[in-house]
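Please read these notes with the structure open beside you.

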Amino acid sequence: MHFIDFEDVNQVKAEAQQAELVITATGVKNLIQSKYGLEPFIRENLTLVNMGPEDEFGEGMPSERVLNQKFLANYLLEEPTRLRFLDPVLALMNASGYYMIKHDLAEGVHPAPAHFVDKYLEVFAQSFQVQIDLTSLKEDNYFWLHDIENKIFRP
């Protein structure tokens, strides 16, 4: 898997023509059709998956071409993602919004202060009874799940 800059329209089109699988997770309705056109995404041997809550491929893309008829792919699961896994994420999103308003931040991307992140990581770790490796964290680190089976999360 690799990620590309969605602003580079030519690169997105070129990659889509070579890809076996395209997964969208933007939350932006009609993004693919309006920004890139549907031509690079119509191939029969290309699997399309919509992970966002909106139809990100657009009205021009036939529903049958996208896994789960363009609906959020999570709903293909016999049991969609449980709320206990979503609650910490939603709590952090709400707290982040409050923090940004309270601190009157300018438009743009801002790293979360370490004390803010640490607080929510601690709640997450307690909720799921996992260890979190904080040894190499800096304020501008991104997090990803490293090893769910051993219940260890690393930046």
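1. A salt bridge here is a side-chain nitrogen of Lys or Arg within 4 Å of a carboxyl oxygen of Asp or Glu. The structure is a predicted model, and by this rule the count comes to 2 salt bridges.

2. One of them joins the side chains of lysine 70 and aspartate 55, with 3.0 Å from N to O. Both residues lie in the loop between β2 (47–50) and α3 (83–102), so the pair ties together parts that are 15 residues apart in sequence. Is lysine 70 buried or exposed? Lysine 70 counts as buried, because its relative accessibility is 9% and the cut-off for buried is under 20%.

3. The side chains of lysine 35 and glutamate 7 also meet in a salt bridge, at 3.2 Å from N to O. Lysine 35 belongs to helix α2 and glutamate 7 to the segment before α1, so this pair ties together parts that are 28 residues apart in sequence. Lysine 35 is partly exposed, with a relative accessible area of 28%. Glutamate 7 is partly exposed too, with a relative accessible area of 47%.

4. Next, the core. In soluble globular proteins, nonpolar side chains tend to be buried together. The largest nonpolar core in this model has 13 residues. Those that touch the most other members are Val22, Ile32, Phe41, Leu46, Leu48, Phe57 and Met61. Helices α1 (9–18) and α2 (31–36) each supply at least two residues of this core.

5. Which residues does methionine 61 touch, not counting residues up to four places away in sequence? They are Gln33, Leu38, Phe41, Ile42, Leu48, Val66 and Lys70. Among these contacts, Phe41 and Leu48 are also on the list of core residues that touch the most other members. Lys70 is the lysine of the salt bridge with aspartate 55.

6. Helix α4 covers residues 114–128, which is 15 residues. From its first C-alpha to its last, α4 reaches 21 Å, close to the 21 Å expected at 1.5 Å a residue.

7. An α-helix has 3.6 residues a turn, so residues three or four places apart point the same way.

How values were computed
Residues are numbered from 1 along each chain as its sequence is written. This is a predicted model: local features need pLDDT of at least 70, side-chain atom pairs count only at pLDDT 80 or more; totals for chains, interfaces and linings use all residues. Side-chain values use heavy atoms; hydrogens and water are left out. A nonpolar core is a set of buried Ala, Val, Leu, Ile, Met, Phe, Trp, Tyr and Cys residues joined through side-chain atoms within 4.5 Å. Buried means under 20% relative accessible area, exposed over 50%, partly exposed in between (1.4 Å probe, protein chains only). Helices (H or I, at least four residues) and strands (E, at least two) are DSSP runs, numbered from the N terminus. Contact means heavy atoms within 4.5 Å. The expected span of a helix is 1.5 Å times one less than its number of residues.
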